[in-house]
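Let's take a look at how two protein chains meet, and then at how one of them is built. Keep the 3D view open while you read.

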Amino acid sequence: MRQTLRVNVFRQSLILSGLFVLGLLALNLAVFRPGTVAVVMLSGLYQGMLFFLIAAGMSIVFGLLDVLNLAQGAFFMLGAYAGFAIYGALPAGTPIEVRFLAALVGATLTGGLAGALMEIGLLRPLYARPVYQIVMTLGLSTAINEVVRAIYGPAGLVPIEEPPALATTFNILGGQFETYRLFIIFVGAALMVGISLLLQRTRLGIIIRAGVQDSEMVQALGINVRRIFTLVFALGTAVAALGGMTAAPFLGAYPGMGTDFLLVAIIVIVIGGMSSYEGTAIASLLVGLTRATAEQVSLQYFNTPILASVSILLFMVAVLLVRPTGLFGRE
Amino acid sequence: MSAILEVQDIHTFIGQFHILEGVTVEVPDNSITALLGRNGAGKTTTLRSIMGLNPPARGAIRYRGRAISGRKPYDIAQLGIGYVPDYRAIFRQLTVEENLKIAERRPGDLAGKRQFIFEIFPDLEKLYQWPGGQLSGGQQQMLAIARALVADNNLLLIDEPSEGLAPVIIEAMMAAIRRLTAHVAVLLVEQNFRVASQLADRYVIIEDGKSVHSGLMTDLLASPALIQKYLSAA
């Protein structure tokens with residue numbers, strides 16, 4: 001009975017989310033030309049995917065380990081800098097496509113490895129001590145930022161070169177949109193589906209979903225939960241680092257770039273309902289679309305993008321008023 | 001008759017509380033041993049100590065002659081011990097199939113055991129794709145025991161299987177547990193004395209964290225004074 005109720009709540013939230021997107025679309029159509037509407041929607045998806053790449057790992061880790069990893073933004077930044085380092089390390093004359101792919105793979109591995117080290121070395125002694133975790137992850141985030149600042153300087157790096165095939169713009173309904181940002185949307189969507197398949201179809205996914213509820217019982221069934229914790233944590237930071245590297249040709253890299261995204265990622269997780277993967281995925285897109293719409297509206301009427309950040313907070317407040325546990329949260 | 005599990009004078013602390021103050025239990029092969037005693041005597045903690053979930057501070061636990069105290073719970077489980085906790089611990093978001101699948105220690109464990117499990121618990125076949133959270137209390141109990149059968153376990157620790165179940169369901173569950181003893185030894189915690197006395201071959205009585213009596217169930221049944229002293233509700 002309660003389960004059936006939950007399924008209904010899930011469906012309701014799904015319908016609500018769909019209606020909200022339609023509402024945003026209608027608002028856009030009422031205010032802007034079709035070309036602008038298309039660009040705003042795509043830009044919303046692009047931002048949403050970046051939020052998703054940071055928030056996905058955070059939300060799964062929060063569900064399984066009860067740890068809110070406030071250093072996740074630093075891993076995003078680390079991915080971008082790893083990309084630059086790999087671009088620089090490859091011999092001159094390496095085709096740009098090769099550099100780009102090597103940077104994507106290298107940044108992901110760097111993020112995963114750094115995450116594994118962090119979980120084993122720093123986080124393990126602090127399980128069941130939430131306050132210490134907050135201090136540690138926040139402190140580590142600051143430390144990584146400062147190390148990067150010390151090595152690369154405070155100014156940040158100009159965006160790295162993307163493969164020429166992606167360095168174009170295309171025309172959609174009269175609006176112009178960068179091909180590279182479309183590529184980011186595809187990367188995000190692929191990971192969204194990939195992680196979902198991992199959770200639903202694999203043994204690791206079964207263990208993760210079971211561990212979210214009762215990791216002690218998982219352990220009593222003969223599964224080394226510690227190892228699963230490390231693996232999941234590392235997967236989360238790897239995805240964040242991949243996100244950072246994917247964004248590097250567009251945003252460049254600068255100390256603190258992760259922190260900007262981290263705040264939005266936390267809002268995304270709260271809106272989606274803490275520790276619900278589906279919630280995080282859907283909420284990141286909703287937040288991206290909201291932000292893009294608000295940005296364009298305030299550019300049009302006030303000549304500044306001032307509403308962009310405010311809109312996300314207002315959106316969160318509105319969601320929490322209707323659903324105190326978030327869109328897809330439990331209990 | 002050799003013992004598959006020997007628990008020798010274990011002492012277990014939870015936080016600062018001295019919960020077990022000397023528990024000794026022997027579980028012979030292919031038999032059912034019941035842990036008896038009043039609420040709060042330390043029966044559940046004894047099972048959790050054996051699983052390594054509340055490791056004992058003193059005393060020895062041997063499984064097939066090997067010392068296992070101090071090992072991690074997953075390590076202990078892998079030796080061939082299945083645990084069915086009193087709260088059943090069914091994963092609500094997982095289907096019945098996934099609840100069983102997660103207990104595999106080698107790929108193919110479930111495929112090999114599925115028919116056997118369906119034979120003992122026919123209900124689970126119909127419910128195979130249902131989420132665990134939608135099962136009734138009795139069905140969840142069946143699933144919890146079935147889950148402990150997926151891997152090649154030789155010893156099951158079953159905590160309060162009859163708790164909260166309707167009498168007719170209890171009968172079915174007792175029949176199922178009885179069938180298992182052809183394959184595994186069972187250490188059973190059971191508050192319902194009628195159930196315990198019908199199922200178990202041997203008993204151990206725990207009072208205030210100490211094991212105070214043990215022997216054959218038939219002897220206990222012949223001794224109303226003992227039952228009165230340690231097990232009556234008063």
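## Where the chains meet

This is a predicted model. The contact between the two chains draws 22 residues from chain B and 16 residues from chain A.

Which parts of chain B do the touching? Helix H2 (73–78) and helix H3 (96–101) of chain B are the elements that each give two or more residues to the side facing chain A. The largest share, 4 residues, comes from H2(B). Sort that side of chain B by class and you get 14 nonpolar, 4 polar and 4 charged residues.

## The build of chain A

Now over to chain A, which has 11 helices and 2 strands. Follow the sequence along and the pattern reads α-α-α-α-α-β-β-α-α-α-α-α-α. Chain A has a radius of gyration of 20 Å, close to the 20 Å that the globule rule gives for 331 residues, so chain A is as compact as a globular protein of that length.

Picture a box of roughly 60 × 55 × 35 Å along the principal axes: the C-alpha atoms of chain A fill it. Of the 331 residues in chain A, 50% are buried. Looking at contacts in chain A with a separation of 6 or more, 77% are between residues 24 or more positions apart.

Let's zoom in on one pair in chain A. The axes of helix H2 (residues 34–65) and helix H10 (residues 277–302) of chain A come within 6 Å and cross at roughly 145 degrees. The crossing of H2(A) and H10(A) is right-handed. By class, their contact has 14 nonpolar, 11 polar and 1 charged residues.

Definitions and conventions: Residues numbered from 1 in each chain as written. Chains lettered and ligands numbered in written order. Predicted model: local features only at pLDDT ≥ 70, side-chain atom pairs only at ≥ 80, totals over all residues. Axes fitted to C-alpha atoms, helices over the stretch in contact; angles between N-to-C directions. Left-handed = near helix turned anticlockwise from the far one by under 90°. Nonpolar A, V, L, I, M, F, W, Y, C, P; charged D, E, K, R; others polar. Contact = placed C-beta atoms within 7 Å. Rg over C-alpha atoms; globule rule 2.2 N^0.38 Å. Buried ≥ 20, exposed ≤ 12 C-beta atoms within 10 Å, placed from the backbone.
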